[in-house]
Amino acid sequence: LELSSQAASAAPQSSEAQFQLGMTYLAGDDFDKAKEAFQKTIEVDASHMRAYCELVSLYTRNAQFDEATELCEQVKRLNPKEAWAYYELAQVFYQKEDYQRAAAELVSTVEISPRYLDAYLLLGQIYYEQKLDAKALVQFQKALDLSANDHTALLKAGTLLNRMTRPAEAL
């Protein structure tokens with residue numbers, strides 16, 4: 001922490017020094033100071049995507065959904081091809097139970113980055129929760145196509161198949 005703090009103090013206009021300070025605070029579970037360092041990183045370099053990503057994650061983790069949404073939208077304006085921004089925004093909408101908006105962001109995510117495994121998993125989960133089993137299965141299958149041994153995809157697909165093959169009265 002001391003070295004990162006010294007580096008950031010010695011080079012306040014170095015976005016990388018500010019970012020590393022934020023990561024150090026994050027590793028020490030000092031989320032408020034981490035947020036400050038990531039915000040400073042963005043002030044110094046408005047195109048520092050890793051700082052945006054970490055800051056959005058902190059906001060989402062702390063249920064600061066408006067702040068997370070605003071940052072994701074800002075990133076999408078800066079660089080419309082940043083798939084993670086669409087995915088993180090989908091996470092926010094999912095946590096707010098706005099499944100339609102979450103699904104739309106996830107579709108955008110995989111259009112930009114067709115190998116974004118977590119996007120398929122979350123989209124499958126949304127469909128699963130809405131009892132759109134056929135759509136959910138397609139998404140879990142896409143996740144398995146990307147990573148045949150992904151435990152989350154295997155578990156979700158197995159749970160879904162179990163639900164789909166059980167008689168209605170057993171549900």
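Predicted model: local features only at pLDDT ≥ 70, side-chain atom pairs only at ≥ 80, totals over all residues.
**Stop one: H7 and H8.** Select residues 99–112 for helix H7 and residues 117–129 for helix H8. Their axes are 9 Å apart, at an angle of about 150°. Angles over 145 degrees count as roughly antiparallel, and H7 and H8 are therefore roughly antiparallel to each other. The crossing of H7 past H8 is left-handed. Now show the side chains in the contact. From H7, pick Tyr99, Ala102, Ala103, Leu106, Val107, Thr109 and Val110. The contact residues comprise 11 nonpolar, one polar and one charged.

Salt bridges number five in the model. Select Glu73, Lys76 and Glu105, which are linked in a network of them. Start with Glu73 and Lys76, where the N to O distance is 3.6 Å. Both sit in helix H5 (residues 65–78), three residues apart, about one turn of the helix. Glu73 is partly exposed at 27% relative accessible area; Lys76, at 14%, is buried. Next, go to Glu105 and Lys76, with N to O at 3.1 Å. This pair joins distant parts of the chain: Glu105 belongs to H7, Lys76 to H5, 29 residues apart. Glu105 is buried, as is Lys76.

**Stop three: Arg50 and Glu16.** Zoom to this salt bridge, whose closest N and O atoms are 2.8 Å apart. Arg50 is in helix H4 (residues 49–61) and Glu16 in helix H2 (residues 15–27), 34 residues apart. Color by accessibility here. Arg50 is partly exposed, at 45% relative accessibility. Glu16 is also partly exposed, at 32%.

Definitions and conventions. Residues numbered from 1 in each chain as written. Heavy atoms only, no water. Axes fitted to C-alpha atoms, helices over the stretch in contact; angles between N-to-C directions. Helix = DSSP H or I, 4+ residues; strand = E, 2+ residues; numbered from the N terminus. Parallel < 35°, antiparallel > 145°, perpendicular 65-115°, else oblique. Left-handed = near helix turned anticlockwise from the far one by under 90°. Contact = heavy atoms within 4.5 Å. Nonpolar A, V, L, I, M, F, W, Y, C, P; charged D, E, K, R; others polar. Salt bridge = Lys/Arg side-chain N within 4 Å of Asp/Glu carboxyl O. Buried < 20%, exposed > 50% of the residue type's maximum accessible area, 1.4 Å probe, protein only.
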